[in-house]
Amino acid sequence: MTKRIYNFNAGPAALPLEVLKEAQKELLSYKKTGMSVMELSHRSKDYDEIIKTAQKNVLEILGLSDDYKVLFLGGGASMQFAMIPYNFLKEGTVADYVDTGAWSTKAIKEAKKAGNIHVVASSEDKEFTYIPKDIKFDENAAYIHFTSNNTIRGTQWQTIPEVGNIPLICDMSSDFMSRKLDFSKFSLIYAGAQKNVGPAGAYIVVIKKDILERQKKVNLFTMLNYETHIKKDSMFNTPPTFPIYIIGLVMKWIKNAGGLEAIEKENEKKAGLLYDFIDNSDGFYIGTTEKESRSKMNVTFILKNRDLEAKAIEEAKTKGLIGIKGHRSVGGLRASIYNAVPYRGIEALVDFLAKFKKNNS
Ligand SMILES: Cc1ncc(COP(=O)(O)O)c(C=O)c1O
């Protein structure tokens, strides 16, 4: 096998090696079908078992009952930026949005096309380097939307906002399944698969069925109507079959790892190692977000001597440490350390950064 590198890409991102190996083993013939999963009919018994088991495992891992439905859809998490207001932002109502940068800004831009929204809090005043606190939500809001982890800036909500009975909707694209939360507080969670739970091509919606009571009472486009996908169990049309199969394997991997409690513990250890190193680097490396808002998934930092950043990124590549360039909109460095990036990968990165500092101080 070609040597595997440590992958710090922000998404598509690292997948667990065990999952890739299992997919490889089954690639030419899934079970005894004589076909790859890619070739199976989505209406076949074998595929039905794959998708149903994946849905069941998502709910089990999140600790949710069947008051919730798990949908695997195509179109990317970005599709939800439109679908949410399209379904739930009725005329005469207002939805509350929190702007924590890039992806939430995009969600806001789309929602404005569908109706009235209120940006109740924003961290734009400090270039989105923190998560706003003590937010006053409108108790009559149609719903509240926030982004739990900000992939580009490297900030993360440390707790779920208290919103009473207002439906809470969250873009969890870059920290879905990375920690244990009380997921029953959400009416709708969505996440692109390509960061923590699978390949690109599918995204996940975990939706509480009772939120349908709040849908617009108009003739919605069939494919953009949550009810369509809930009623048809995510099989209204041909779903992204292979990505869903891989998500299913990742769900088994999470269960075998001990569930979200164990995953969270490992993620804390990993993020702790990297942030401690940055904080103790005598200012050679500088974290770019407020400490109490730091993401455990996307660690963003710069070098005091900014001219050295490109060199660090290039040298890291030669050591098999891939993807530490910051997002093109903000620059600097970013290490995305999702579930599938092992602790030894962070050790290798820290080791490299320490040597780079020594050689360039
Ligand atoms: C937090 C967040 N939301 C939404 C998206 C958009 O996801 P997609 O490319 O699946 O539409 C991303 C992509 O990186 C993201 O990080």
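This is a predicted model: local features need pLDDT of at least 70, side-chain atom pairs count only at pLDDT 80 or more; totals for chains, interfaces and linings use all residues.
Visitor: How far apart do the C-alpha centres of domain 1 and domain 2 lie?

Guide: The domain assignment of the protein gives domain 1 as residues 17-256 and domain 2 as residues 259-360. Between the C-alpha centres of these two domains, the distance is 27 Å.

Visitor: How many residues does the contact take from domain 2?

Guide: Residues count as in contact here if their C-beta atoms, placed from the backbone, lie within 7 Å. Domain 1 gives 23 residues to the contact, and the number from domain 2 is 23.

Visitor: On the side of domain 1 that touches domain 2, how many residues are charged?

Guide: Strand S6 (149-150), strand S7 (155-156) and helix H6 (241-256) each supply at least two residues of this side. By class, the side has 7 nonpolar and 10 polar residues, while the number of charged residues is 6.

Visitor: Which strands stand at the edges of the open sheet?

Guide: The sheet is formed by 3 strands in the order S11-S12-S14, with antiparallel pairing. Each edge strand has a single partner strand, so one side of it is left without a neighbour in the sheet. The edge strands are S11 (285-287) and S14 (333-336).

Visitor: By what angle are neighbouring strands of this sheet turned against each other on average?

Guide: The strands in question belong to the open sheet S11-S12-S14. With direction ignored, the average angle between neighbours is 35°.

Visitor: Which residue in S12 is the bridge partner of Gly287?

Guide: Strand S11 and strand S12 (residues 298-303) run antiparallel and are joined by 3 bridges. In S12, the partner of Gly287 is Phe301.

Conventions:
Residues are numbered from 1 along each chain as its sequence is written. Two strands pair if DSSP finds at least two bridges between them. Helices (H or I, at least four residues) and strands (E, at least two) are DSSP runs, numbered from the N terminus. Axes are lines fitted to C-alpha atoms, for helices over the stretch in contact, and angles run from 0 to 180 degrees between N-to-C directions. Domain bounds come from an automatic or database domain assignment. Two residues are in contact if their C-beta atoms, placed from the backbone, lie within 7 Å. Ala, Val, Leu, Ile, Met, Phe, Trp, Tyr, Cys and Pro count as nonpolar, Asp, Glu, Lys and Arg as charged, and the others, Gly among them, as polar.
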